[in-house]
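Subject: A structure for you to explore

Hello,

Here is the structure I promised to pass on to you. Have a look at it first, and then read my notes below with the viewer open.

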Amino acid sequence: MHPPAAISLLLLLLTITTTTTTNGHNITRILQKNQEFSTFNHYLTLTHLAGEINRRQTITVCAVDNAAMSDLTAKGLSLETIKNVLSLHVFADYYGAKKLHEITKGSTSTATMYQATGEAPGTTGFVHITDAKGGKVRFTPEDNPSQTDVVFVKSVLEMPYNISVIQISQVLNSPEAMAPTSAPDLNLTSLLQRDGCKSFYNLLTTSGAIGTFLSSVDGGVTVFCPSDDAVKEFGPKYKNLTAEGKTALLLYHGVPTYNSMGMLRSSNGLMNTLATEGANKYDFTVQNDGEDVKLETKVVTAEISGTVVDDEPVAIYRIDKVLMPRELFKANVAAKKGDGAEAPGPDSSDDYGDDDTADQKANSGGKVVASAVMVLFVVVAFL
C-alpha cells in the first residue's frame, strides 16, 4: 500500500474509533469542579434534574452560585417547587458566550425544561434573552418581565453544540414556577390502580405479592407494570403457573431500589428484582436506545411505554409485555438456542422470544470498534 493512501486510511479509522467511543456529558462532574456551584449541583441531583440534563443534547444550563441558591432555599419551597424553578434554568438550546453576544436583533426567547415538562401553563416556561447595552446579556422569565437584573456572568464550560454551562447572577423568579406544588401521591396501592395498571394490581392483591412491594417503598422501589392488554394476553400462561411461580413472576416486575427515567436511560446492565434470592437470580438486563428503554430477559424483551409516577422513592413505569424470567420459562430459552422452533412453556401459545435481535443490536457497536481496531493494526504493519 502506498504511504499516502495508508496514512489516509489510518486517519479515517482513528476518526471512526474516536467517534464511536465518545461519551455524553455529566453535569454533576462538570459542576463538581466549581465549589461555588455546590448547592446548585446538590439540588440538581436531589430533584433528579441531573439525569434529565445528562440524557439531553443541545442544552444550556444556567448555574447560580451558592449565595443565590441560599436566597432560593430560604423561601421554604417544597422540593417539587424547587425542581420547577431549576427547570427554568435549563434551556432547550445551545448558548455559548459568543452566541449570547451575537443574538439576532438583540433579543430572543428560548424554551426551558420547565416548559418541556408540561408543568408550565401556556408559555410561562420560556425565558427572554437580551443583548443589552454595555456588553451585558440579560435573562427575563416570560411571566416576570419586571425582573431585569439577572445577567450573564461567565462561561463555565462549552461543548459545542452539545452542552453549554454558564453562570448567571441570580435565580430566575417565575411566579408560576414558584407556585406551591403539592407533594406527589406515593401511596403505592392507589398508584398501581392508575394508567393501565389495574389488571397487574389485581394479580398482586390476589396472589399476596403486594405486601412485598408495599414493604419496599421506604427503601426505594421501581415497579415495571405490564399494561392491561399485556396482562390479558399473558393470561393463559399465568394460569398454568404454580402459586409459587405466580408470586415469583409478579415479584420479578419489582426492583428494590428507586430508578428515575433519567437513570434508566443513562445506564445499561443487569438489574436484580424483588424475586432475586440466593441461587434464583431472577434478573434482567436494562438496555437503552436513545429515548427508548427496554427490559431484556432470556425469553422476552419488553419496552417502557409510559410513566405512571417518578418521584423518589417510588417509580412506576408501564411496559408493553409481561416479563418472563428464564427460571420459569426454561423451555422457551432452550427453543431459542436450538432450531428456533416453538417449544411448549407453561402455555404453548404465542412465543415472546425476541431478545436475540436486541442482543445483536446491543453488541453491534462493540463489534464495529473491534473490527476497526483490527484493521488499524493491519494498516500500521504495512506502513
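Strand β3, residues 107–111, pairs with strand β4, residues 126–131, in the antiparallel sense, and 5 bridges hold the pairing. To find the place in your viewer, look for S109, which stands opposite H128 in β4. Please keep in mind throughout that this is a predicted model.

β4 also pairs with strand β5 (residues 137–141), again in the antiparallel sense and over 5 bridges. Here D131 stands opposite V137 of β5. β4 and β5 form a hairpin with 5 residues between them. In the turn you will find G134, whose phi is positive, at about 75°.

Next, an open sheet. Four strands make it up, in the order β2-β1-β7-β6, and the pairing is mixed. Which strands stand at the edges? They are β2 (90–91) and β6 (152–159); each has a single partner strand, so one side of each is left without a neighbour in the sheet. The pairing of β6 with strand β7 (residues 163–168) is antiparallel and counts 6 bridges. In that pairing, F152 has I168 of β7 as its bridge partner.

Now for strand β8, residues 221–226. How many of its residues are buried? The count is 6 of 6, so this strand is mostly covered.

With strand β9 (residues 254–255), β8 pairs in the antiparallel sense over 2 bridges. T222 turns up again in this pairing, standing opposite V255.

Is I319 buried or exposed? It counts as buried because its relative accessibility is 0%, and the cut-off for buried is under 20%. Leaving out residues up to four places away in sequence, I319 touches F224, C225, P226, S227, H253, L295, A302, E303, I304 and S305. I319 and K294 are 25 residues apart in sequence, while their C-alpha atoms are 8.8 Å apart in space.

On to the helices. The axes of helix α3 (residues 38–46) and helix α5 (residues 66–73) come within 7 Å and cross at roughly 50°. α3 and α5 are therefore oblique to each other. From α3, the residues S38, T39, F40 and Y43 make the contact, and from α5 they are N66, M69 and T73. Sorted by class, this contact has 3 nonpolar, 4 polar and no charged residues.

How do the axes of α3 and α6 cross? They come within 10 Å and cross at roughly 115°. That makes α3 roughly perpendicular to α6. The crossing is left-handed. On the α3 side the contact is made by F40, Y43, L44 and L46, and on the α6 side by L79, I82 and L86. By class, the residues of the contact of α3 with α6 are 7 nonpolar, no polar and no charged.

While you are at α6, find S87, which is in this helix of residues 79–87. S87 is buried, with a relative accessible area of 2%. Its contacts, not counting residues up to four places away in sequence, are L49, T112, M113 and Y114.

Enjoy looking around, and write back with any questions.

Best wishes

How values were computed: Residues are numbered from 1 along each chain as its sequence is written. This is a predicted model: local features need pLDDT of at least 70, side-chain atom pairs count only at pLDDT 80 or more; totals for chains, interfaces and linings use all residues. Side-chain values use heavy atoms; hydrogens and water are left out. Buried means under 20% relative accessible area, exposed over 50%, partly exposed in between (1.4 Å probe, protein chains only). Contact means heavy atoms within 4.5 Å. Axes are lines fitted to C-alpha atoms, for helices over the stretch in contact, and angles run from 0 to 180 degrees between N-to-C directions. Angles under 35 degrees count as roughly parallel, over 145 as roughly antiparallel, 65 to 115 as roughly perpendicular and the rest as oblique. Ala, Val, Leu, Ile, Met, Phe, Trp, Tyr, Cys and Pro count as nonpolar, Asp, Glu, Lys and Arg as charged, and the others, Gly among them, as polar. Two strands pair if DSSP finds at least two bridges between them. A crossing is left-handed if the near helix is turned anticlockwise from the far one by less than a right angle, and right-handed if clockwise.
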